[in-house]
Amino acid sequence: MKERFIHIVDLDVPYPANYGAAIDMYFRIKSLHALGVKIILHCFEYGRGKASRLNNYCEQVHYYPRKSIMEFPFRAEPYIVYSRENKELFDRLFADEYPVLLEGVHTCAPLMDERYKQKSFYVRMHNVESEYYEYLAKATGHPIKRYYYTTESERLKKFEKNLDRAKVLFSVSERDHTTLAAQFPNVEYLPPFIYNDVIDCKPGRGSYAIYHGNLGVEENRRAAKFLIHDVFPGLNVPLLIVGTKANTLTKSTKEYNIEFINSPTANDLKDLLQNAQIHVLPTFQPTGIKHKLLNSLFSGRYCVVNPPMVDGNGLAQFCHVAKDVDEMKKIISELFKKDFPQEEIERRKATLQNIYSNSNNAQKLADVIFGKD
């Protein structure tokens, strides 16, 4: 078989794989490597540091600084794009004939280079970013942040028209696929690569409910505060709020049992997920796909969500969907007393393991980019 080389441009350093985009990027690299694909990795480093582990899966790893918004405060392009423009990166990409996988609209500045027709570019869409930033603007109460998110959304809407310069866009969810396919001719659905693609839930019963996520993200903070202030008061159910910057949230009342666990290790997080009775996962942004929900379905017991969490991703059949606060309280109270059956574990195995198989999805990606053998 002819050796297959590819440039991958990551919007961030993908290891450690401790948040959604990093998980998707890291396990895609690892899975493509397992297929024998030779990877030249380019990533932007702005706080996470260099990761020697990436050398295990890549022929070369290059790091680039991300520009500060203060360097070009009045650019017309979206900040998430122009902050990742880099001449050294461009020169490396255009120095050979290897295809390029751009991770997120964030890394799509090379599409604006006059040499773009010389290369085969593919884009892994992490969200429809203009929608995502529009929701962020609605979620924040901070006027400066709201202005930034609104402006970025408007700039992204204009910039996204240039995505037709890529050969294929890979959508991350069925909902995003529908949105993108209405605008662009070459869109392929590629489910996210995930931390653990083998169902390892435990039957029986746990002793607490859990919410997990990066609590430095506006969307997740809003969801956690919703649980703290609106859902769990009055429920006799212990709640763990787990994740990066969980310690920045505080209880508003001592009338119920709530605990914050900050930045657990991967093994500790897996134990917390497996031993919980209920995963309570509301969201107010029906964009992309939520890795926290996939982690819960693959490792946890009951999942209680609101409609935006399962909008257009086909996962509602494996969740208990609550339309409002009262219904969420009622479902949590009922499920806290019920054993989680082995039959439900088998049902998840029968469907989810095939759709979210990292090896299957890496093969699909390789077939699109390199052609089938």
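I began with the second largest pocket, whose volume is about 280 Å³. Of the 14 residues lining this pocket, I noted K2, E3, R4, F5 and F370 as the closest to its centre. The lining divides into 7 nonpolar, 2 polar and 5 charged residues. For the terms, I worked on a 1 Å grid over the protein atoms alone, where a pocket is an open set of points with protein on both sides within 12 Å along at least five of seven lines, and lining residues have an atom within 4 Å of a point. The volume is the space filled by probe spheres set on the points. Ala, Val, Leu, Ile, Met, Phe, Trp, Tyr, Cys and Pro count as nonpolar, Asp, Glu, Lys and Arg as charged, and the others, Gly among them, as polar.

The model is predicted: local features need pLDDT of at least 70 and side-chain atom pairs pLDDT 80 or more, while totals for chains, interfaces and linings use all residues. Residues are numbered from 1 along each chain as its sequence is written, and side-chain values use heavy atoms, with hydrogens and water left out.

**Helix α10**

Buried means under 20% relative accessible area, exposed over 50%, and partly exposed in between (1.4 Å probe, protein chains only).

At the start of α10, a side-chain oxygen of D324 comes to within 3.3 Å of the backbone nitrogen of D326.

**N358**

I located N358 in helix α12 (residues 358-370). N358 counts as buried because its relative accessibility is 7%. Setting aside neighbours within four places in sequence, I listed its contacts (heavy atoms within 4.5 Å) as F27, S31, F193, I194 and D197.

**E77**

I placed E77 in the loop between β3 (60-65) and α2 (79-82). E77 is partly exposed, at 29% relative accessible area. Residues up to four places away in sequence not counted, E77 touches Y82 and R155. The C-alpha atoms of E77 and L156 are separated by 7.5 Å, although these residues are 79 apart along the chain.

Technical notes: A polar contact is a pair of N or O atoms within 3.5 Å; within protein, one must be able to donate a hydrogen and the other to accept it, and residues adjacent in sequence count only if both atoms are side-chain atoms. Helices (H or I, at least four residues) and strands (E, at least two) are DSSP runs, numbered from the N terminus. On a 1 Å grid over the protein atoms alone, a cavity is a set of points where a 1.4 Å probe fits but cannot get out, and a pocket is an open set with protein on both sides within 12 Å along at least five of seven lines; lining residues have an atom within 4 Å of a point.
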